Each structure stands twice: as C-alpha cells, then as structure tokens.
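Have the model open while you read.

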Amino acid sequence: MTGRTRAASRRSRTTAALLPWSVPLALVGASATLGVEGCAPPPTAVQGQATDCASRAHDDPWTPPAGAESDPDWATLIDNALYPAELPDLTGCPAPATAATMSGLEAQATRQLDCVQDAWRPLLESAGLDAAEIPLHVYPGEHADTPCGTISCPAVYCAEDGGGIWLGEASLDSATWFALGIKGVVNHEYAHHLQSLIGVLDAQHRIGATSESVRRVELQATCLGYAMIAHDDRVADHLDLVESSDPLLGSLLADDVHGSRDSVAQWALTGLDARTLGDCNTWLAAAGAVS
Ligand SMILES: [Zn+2]
C-alpha cells in the first residue's frame, strides 16, 4: 500500500488518536508535552540555526509583507522551488519499537536516520542540494555541546557544520513505552534538516524569528515528519500503536514554539495525507492555523 493510500485510510481516524504522535515528533515539543523543562536557547549568534531548543520568541505580529513573492526570503518560504517535489517512500526502515536504554535508543535512531537519508538522497541529488549524510549524536544527562552552543533539550537539530541531530537522555521518556517515538523524533529532526537544505531556516531567520514564524517552522517540520510516517512501509501494519497511545493525550500541553494542540493536530493530519513538500507549506496558512 502506498503512503498516499495509507494516509487516505487514516483520514477517518480521530484527531485525538493522531495527537500523541506530536509528542515525540514535536520533540522539544516533546519536552513541553512531557513536562521536561529547562530547554536552553542557543547562543544569539546562531539563533535560527538550532531548532527545537528555542526560547520563547518575540510576540511580534506575523504578516507577510506586500509583494512578498518578489522578496527572495519570502519566496523561499511561501513558494519554495522544492515544494512541488514528491515525497519519497521510506523502505527498509526498522519496525516500530521501544528502547529502554541509551544504547538501544542510539541503535534504533541511527537505523531510522539511515533509512530516512537513503529515501531522500535521490531527490536531494537531483535538486543539486547537499545530500551528505548528517550525524546523529546521543548524549546522557541533560546537556550537550553542539556547534549551536550548549543545549539541554530532549532533541535538537543544529544546522551548523552541515547539520546534525542530538538526542538526549530525556528522549527515553517516550521511547521506553511508545513504539513510534523514535521514528517520530528522527523524522521530525530530519525535517528540520530538509528545511535547512531548501533555505527555509535561513530565510525565516532573516525575516525575523517571531513566535509565529517559529511555529510555522515547527509545524512544517511536524507535517513533514508525519508525512514520513505515512510513507514508511513498516508503519502501515502498526496503526494500533496510534490508537493505543491515547493516554498520552492527557499529558499534551500547548507549546508556544511547536503550536497549540489544534494546530499540531491539523498539520499532523495534513502530513499524513501529504504527497509533496508543498503540501506541508505552513507559510501561506492563516494565522489561526498556526496558533
Ligand atoms: Zn522541531
């Protein structure tokens, strides 16, 4: 069954059943949703380059300026050249599974990232983008040094030095019992790498990191992360995992960085049904859809 077919089959499912995925996917979202606090912002010099570890941004109103289409940065966000590209199918990924130890987390996350990078490589190469693999780092405790500065988040993508993903010990909070948690977080963080490659992160940084533009970045990554779930042929037979995770909903908290429950659910559903990168274009959505 194709990802498209699987996604369509899920449309009848309730939003609530889909929401728990946002916990591992939204990652620091996860930090907020699972009550893991203490996410330190990256150094000022690299703000906009490190995702999932951002401090609350300014509450400036977000409005695309008149003539935004002719501005290179706005054009990158709202009409990216890669948006028409079809999403690749993920084949050969590991089966959904929990992890009880850091070594188990590292092993499964590495396998998932290998699979994700294999899937995206042809598209990146054909588009003339850097298809070099990015590393995944797992760190114990609460802090890690990255090219984006010292972080204290469950998971972070840092775009510096070609990009990299960091998963902290707090990632085990969901990985120990939620079998889609590892796939979710790896997919979400790799989606940030895609945003880096196609210029979205730099463009968003240049137009100004308001809280709304940060949410548009995060919800776009959430959407793409769910799209990768939908295109993963190892997930199709495990939809029961989604339905069995309802208890997580009770711990889901609103998050100013990753979006409200309604917005996360909206873009999760959009991702499950996405066929192209542009289907996850949050940059033309009404403000209410990225609250
Ligand atoms: Zn994120």
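What follows starts with the whole protein and then zooms in.

## The overall picture

This is a predicted model, in which local features need pLDDT of at least 70, side-chain atom pairs count only at pLDDT 80 or more, and totals for chains, interfaces and linings use all residues. Residues are numbered from 1 along each chain as its sequence is written.

The protein has twelve helices and six strands; helices (H or I, at least four residues) and strands (E, at least two) are DSSP runs, numbered from the N terminus. Of its 291 residues, 48% count as buried, and buried here means 20 or more other C-beta atoms within 10 Å of a residue's own, exposed means 12 or fewer, and partly exposed is in between, with C-beta atoms placed from the backbone. Take the contacts with a separation of 6 or more: residues 24 or more positions apart account for 80% of them. A contact is two C-beta atoms, placed from the backbone, within 7 Å.

## Helix α6

Helix α6 covers residues 102–126, 25 residues in total, and spans 36 Å from its first C-alpha to its last, close to the 36 Å expected (1.5 Å times one less than its number of residues). There's a bend of about 40° at Trp-120, with Pro-122 following within four residues; the bend is the angle between axes fitted to the seven residues ending there and the seven starting there. After the helix comes Gly-128, with a positive phi near 75°.

Buried residues in α6 include Leu-105, Ala-109, Cys-115 and Trp-120. Their cover includes β2 (136–139), β6 (164–168), α7 (172–175), α8 (181–197) and α10 (211–230).

## Where α6 meets α8

The axes of α6 and α8 come within 9 Å and cross at roughly 40°. Axes are lines fitted to C-alpha atoms, for helices over the stretch in contact, and angles run from 0 to 180 degrees between N-to-C directions.

On the α6 side, the residues involved include Leu-105, Gln-108 and Leu-124, and α8 brings in Ile-182, Lys-183 and Tyr-190, among others.

Glu-189 sits in helix α8. Why does Glu-189 count as buried? Because 29 other C-beta atoms lie within 10 Å of Glu-189. Glu-189 and Ala-221 are 32 residues apart in sequence but 7.5 Å apart in space, C-alpha to C-alpha.

Asp-161 is in the loop between β5 (155–158) and β6. Asp-161 isn't a glycine, yet its phi is positive, about 55°. Asp-161 counts as exposed because it has 11 C-beta neighbours inside 10 Å.
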